[in-house]
Amino acid sequence: MEDIVLSTHGLTRAYGRALALDGVDLTVRRGEIYGLIGRNGAGKSTLLRLVSGQSVPTSGSIRLFGKTGSDLRRERARTGVILEAPSFSPFLGARENLEYYRIQRGIPGQDAVEEALELVELTDTGSKKFKNFSLGMKQRLGLALALMSRPEFLLLDEPINGLDPEGVAQFRELFRRLNQERQTTILISSHVLSELSAVATCYGFLERGRLLEEITAQELRERCQVCLRLQVDDAVKASVIFHIKLGTDAFKVLPDNTLELYDHLDCPQAVSQALAEEGVFLQSMERRGSDLETYFLDLIGGGHHA
Ligand code: ATP
């Protein structure tokens, strides 16, 4: 039980007749970086609002650090949450802004500010005012605010949204450090799937308020197979060639005369030669892995058919 930081059971939130969350059973274990993946409107923010106490469930329950019901309030003090971008004064620097919140929230010890700034690498901003910060700096300062109370569990709603690749890489590194050096359990929501692929240890896929699947990063890697993706002028004929000449049925026909071949990965020349010999025109061939995004889209597709 102690190993589970957060679990929800049948968590449901209705707005009028619409269900923003629909019977969600989610489990976050200690030490995990949990990637909550979902498109816009899937219910990610609603879930985070319920867990952080900013909204109340229509039905279902939340268990934080093993406690539920009226004990939840105390356990929430062990969490740090960023839902919307915190409002900082544009005319103050990083330190002054954090100091303002430290006093307002009654967080003891001025070193909390310095420690948080160090973690997000914002100690050297000098007299630079918030209004002159880059987007990445602004978002790192937001994270520093959540870190000031030294949370054991951090809940972040789309924290790397809109950042350039370098900013994304910095955030990933930061999450890794917090997780490994401070043993902070982290739940990060995102609709940009590739953002989390290098850092999450576990994923939950949310779609239309329902948690479609929870899966570890390892399981996901195993499921995302590498393949040769080919575009030809005649997919039906190519399928027959794969079957008869290459002796394999390990392929999938996709729309637009595209095929994915999971066999003969190490000898693409043999594949192109077999096609050419039978008069199939090969427009393109590339080796690719079924990335997180493809996996998620397939999962949603499956959900729609269910
Ligand atoms: P986004 O990334 O766009 O914020 P999300 O996954 O965080 O998406 P939510 O904000 O949780 O999604 O919204 C889930 C659904 O609930 C949406 O259909 C949204 O319109 C609806 N919703 C959320 N908050 C409210 C509210 N206060 N009143 C009415 N409907 C709401």
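1. With a relative accessibility of 15%, Leu-246 counts as buried, a term that stands for under 20% relative accessible area, with exposed meaning over 50% and partly exposed in between (1.4 Å probe, protein chains only). Leu-246 sits in the loop between H9 and strand S11 (251–254), where helices (H or I, at least four residues) and strands (E, at least two) are DSSP runs, numbered from the N terminus. Once its neighbours within four places in sequence are set aside, Leu-246 is in contact with Ile-241, His-264, Ala-270, Val-271 and Ala-274, contact meaning heavy atoms within 4.5 Å. The C-alpha atoms of Leu-246 and His-264 are separated by 8.3 Å, although the two residues are 18 residues apart along the chain.

2. A word on the basis of these points: this is a predicted model, in which local features need pLDDT of at least 70 and side-chain atom pairs count only at pLDDT 80 or more, while totals for chains, interfaces and linings use all residues. Residues are numbered from 1 along each chain as its sequence is written, and side-chain values use heavy atoms, with hydrogens and water left out.

3. Two of the contacts of Leu-246, Val-271 and Ala-274, belong to helix H10 (residues 268–277), in which Val-271, Ala-274 and Leu-275 are buried. Seen down the axis of H10, the buried residues fall within an arc of 95 degrees, so they line one face of the helix; the arc is that of the directions from the helix axis to the C-beta atoms. The buried residues of H10 pack against strand S10 (226–232), helix H9 (235–244), strand S12 (258–261) and strand S13 (282–289), whereas the face turned away from the buried side carries the exposed residues Gln-269 and Ala-276. Just after H10, Gly-279 takes a positive phi of about 80 degrees.

4. The core draws at least three residues from each of domain 1 (4–78 + 151–221) and domain 2 (89–145), the domain bounds coming from an automatic or database domain assignment. Leaving aside its neighbours within four places in sequence, Phe-175 is in contact with Ile-33, Leu-143, Leu-156, Pro-159, Ile-160, Ile-186, Ile-188 and Val-199.

5. Strand S8 (residues 202–207) contains Tyr-203 and Leu-206, and 6 of its 6 residues are buried. In a regular strand the side chains alternate between the two faces of the sheet. Both faces of S8 are covered, with Cys-202, Gly-204 and Leu-206 on one side and Tyr-203, Phe-205 and Glu-207 on the other. S8 is joined to strand S3 (residues 33–37) by 4 bridges in a parallel arrangement, with Ile-37 opposite Phe-205, and to strand S9 (residues 210–216) by 6 bridges in an antiparallel one, with Ile-215 as the bridge partner of Tyr-203; two strands pair if DSSP finds at least two bridges between them. S8 and S9 form a hairpin with 2 residues between them, and Arg-208 in the turn has a positive phi of about 50 degrees.

6. An open sheet is formed by 3 strands in the order S2-S1-S4, with antiparallel pairing. Strand S2 (18–29) and strand S4 (59–64) stand at the edges, each with a single partner strand, so one side of each is left without a neighbour in the sheet. Strand S1 (residues 4–15) is joined to S2 by 8 bridges, and Ala-14 stands opposite Leu-19 in S2. Helix H1 (residues 44–51) packs on the sheet, touching S1, S2 and S4, and its direction makes about 115 degrees with that of S1; axes are lines fitted to C-alpha atoms, for helices over the stretch in contact, and angles run from 0 to 180 degrees between N-to-C directions.

7. Most residues other than glycine have a negative phi. Arg-150, in the loop between H5 and strand S6 (153–157), has a positive phi near 50 degrees and is partly exposed, with a relative accessible area of 38%. Gln-183, in the loop between helix H6 (165–181) and strand S7 (185–190), has a positive phi near 55 degrees and counts as exposed at 53% relative accessibility.
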